[in-house]
Amino acid sequence: MQIRENVPISELTTMRIGGLARYVCEISSKDDIIKAWNFAKERKLPIWFMGGGANTIGKDAGFDGVILLNKITGIEILTETDDGLQLKAMGGEEWDDVVEFTCKKGFSGIEAMSKIPGTAGAAPVQNIGAYGQDIARALVSVEVFDTKTEEFRSIPRSKLRMDYRYTTFNHGEDAGRYFIVSITLHLNKNYLEPPFYNSLQNYILEHGETDYSPMNIRRMVSEIRAEKLPDPTEIASSGSFFKNIYLDQVGADEAEEKGIPVWRSNDDSGKINSGWLIEQAGLKGEELHGMRVSDKAALVLINEKTKNYADLAAARSEIIDTVRRKFGYTLEQEPVEIPEK
Ligand SMILES: Cc1cc2nc3c(=O)[nH]c(=O)nc-3n(C[C@H](O)[C@H](O)[C@H](O)COP(=O)(O)OP(=O)(O)OC[C@H]3O[C@@H](n4cnc5c(N)ncnc54)[C@H](O)[C@@H]3O)c2cc1C
């Protein structure tokens with residue numbers, strides 16, 4: 001196991017902000033997890049789990065603890081039949097490599113989540129989703145190291161309370177308790193069908209696409225994303241900085257009465273696109289404290305030239321306050337923040 005000392009969190013995260021982490025342990029095996037856990041325990045230091053840092057923000061004071069950086073890679077087919085594929089992806093595997101693997105084999109279930117940056121191990125943490133799919137639908141179970149019992153075990157999806165950007169891993173008393181070693185997914189041959197998620201549907205209509213195979217959906221989604229979303233290797237951001245707003249039927253009715261577009265579910269509850277609110281509040285493309293509200297997708301906050309968390313926090317407050325004043329909704333941040341200790 002490689003242990004590095006005083007590592008800038010800015011170098012571990014796609015937002016490229018954050019002071020020094022006291023220790024970073026690169027985890028390449030299950031043994032390394034135990035070693036890193038004992039290393040932190042001996043020094044009485046807190047731990048923090050990380051993959052690609054695409055949904056993580058560091059603070060200026062850094063982190064006086066041990067970051068366990070997941071580098072355990074590998075994809076293993078568990079079962080494969082004509083219409084079903086069950087596979088295990090190790091947590092440090094690039095998520096998009098897992099998606100590509102399943103699409104190439106012709107299986108459906110995660111193809112619309114192509115090109116989401118980060119690791120397979122982090123994917124269940126906030127229940128990643130895009131273009132109408134989320135990982136909850138394909139996830140069978142996760143293999144974890146439980147820091148409470150100091151044991152490895154498997155947890156079925158049914159025990160993870162998965163919802164929009166919400167799971168056992170990021171909410172409630174067990175948040176931060178489990179290090180995800182691997183994930184098991186089930187894919188099938190039930191290809192996606194129209195009507196698709198809004199922007200994908202528009203693309204399909206514009207381009208006259210009729211091939212809904214996983215590989216072709218992957219190609220289309222990749223193209224749409226490349227147009228709208230910053231490439232984290234070139235532009236610093238955490239993708240969507242705010243969550244969309246989910247409303248019950250009454251809330252959805254009220255929003256519509258105010259003239260806000262609402263995407264209704266079958267049960268008449270609804271979703272407001274927070275990017276729409278930010279755009280209508282006049283902030284799309286604006287620079288705030290060295291951060292820029294993307295001119296292509298207003299939900300995305302780009303770190304154009306700041307090195308400080310304080311600037312990010314000031315930009316965030318300005319956006320939240322402006323949207324609250326105009327529409328009465330309080331935006332909630334999506335990326336997680338590493339505590340200072
Ligand atoms: C340009 C861009 C576009 C994006 N688009 C999307 C999108 O379409 N949909 C979407 O849902 N997200 C999107 N994101 C957010 C991000 O890609 C996902 O949240 C992704 O799952 C983060 O993976 P990561 O490995 O970088 O996680 P990290 O940022 O390293 O970690 C995120 C969280 O998971 C925890 N964690 C990480 N690894 C483990 C582990 N092994 N065990 C336990 N906990 C762990 C961390 O402690 C932290 O709480 C986007 C981000 C960017 C930069």
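A residue is called buried when its relative accessible area is under 20%, exposed when that area is over 50%, and partly exposed in between, using a 1.4 Å probe and protein chains only. C103 is buried, with a relative accessible area of 2%, and C25 is buried as well, at 0%. The structure holds 0 disulfides, a disulfide being a pair of cysteine sulfur atoms within 2.5 Å.

This is a predicted model, in which local features need pLDDT of at least 70 and side-chain atom pairs count only at pLDDT 80 or more, while totals for chains, interfaces and linings use all residues. Residues are numbered from 1 along each chain as its sequence is written, and side-chain values use heavy atoms, with hydrogens and water left out.

Consider the interior next. A nonpolar core is a set of buried Ala, Val, Leu, Ile, Met, Phe, Trp, Tyr and Cys residues joined through side-chain atoms within 4.5 Å. The largest such core has 40 residues, and the members that touch the most others are W95, I110, I135, V142, I183, L185 and L200. Two or more of its residues come from each of β7 (84-90), α2 (95-104), β10 (139-146), β12 (178-188), α3 (198-207) and α4 (214-228). These names refer to DSSP runs numbered from the N terminus: helices are H or I runs of at least four residues, and strands are E runs of at least two. Strand β12 gives the largest share of this core, 5 residues. What does I110 touch, leaving aside its neighbours within four places in sequence? I110 is in contact with W95, V98, V99, T102, Q133, A138, L185 and L187, where contact means heavy atoms within 4.5 Å. Another core lies apart from the largest one; it has 32 residues, including F242 and L312.

Strands of a sheet pair through backbone hydrogen bonds, either parallel or antiparallel. Two strands count as paired if DSSP finds at least two bridges between them. Strand β7 pairs with β6 (residues 75-80) in the antiparallel sense over 5 bridges, and E76 stands opposite K88 in β7. A hairpin of 3 residues joins β6 to β7. Strands β7 and β12 also run antiparallel, joined by 7 bridges, with G84 opposite N188 in β12. Because 5 of the 7 residues of β7 are buried, this strand is largely enclosed by the rest of the structure.

Helix α4 has 15 residues and reaches 21 Å from its first C-alpha to its last, close to the 21 Å expected at 1.5 Å a residue; the expected span is 1.5 Å times one less than the number of residues. Its buried residues, among them I217, M220, V221 and I224, pack against α2, β8 (129-130) and α3.

Strand β14 pairs with β16 (residues 270-272) over 3 bridges, and L247 stands opposite G270.

The other has 4 strands in the order β13-β19-β18-β17, again with antiparallel pairing. Strand β13 is joined to β19 (residues 300-303) by 2 bridges, and S237 stands opposite I302 in β19. Helix α7 (residues 309-327) lies across β17, β18 (291-293) and β19, at about 30° to β18. Axes here are lines fitted to C-alpha atoms, for helices over the stretch in contact, and angles run from 0 to 180 degrees between N-to-C directions.
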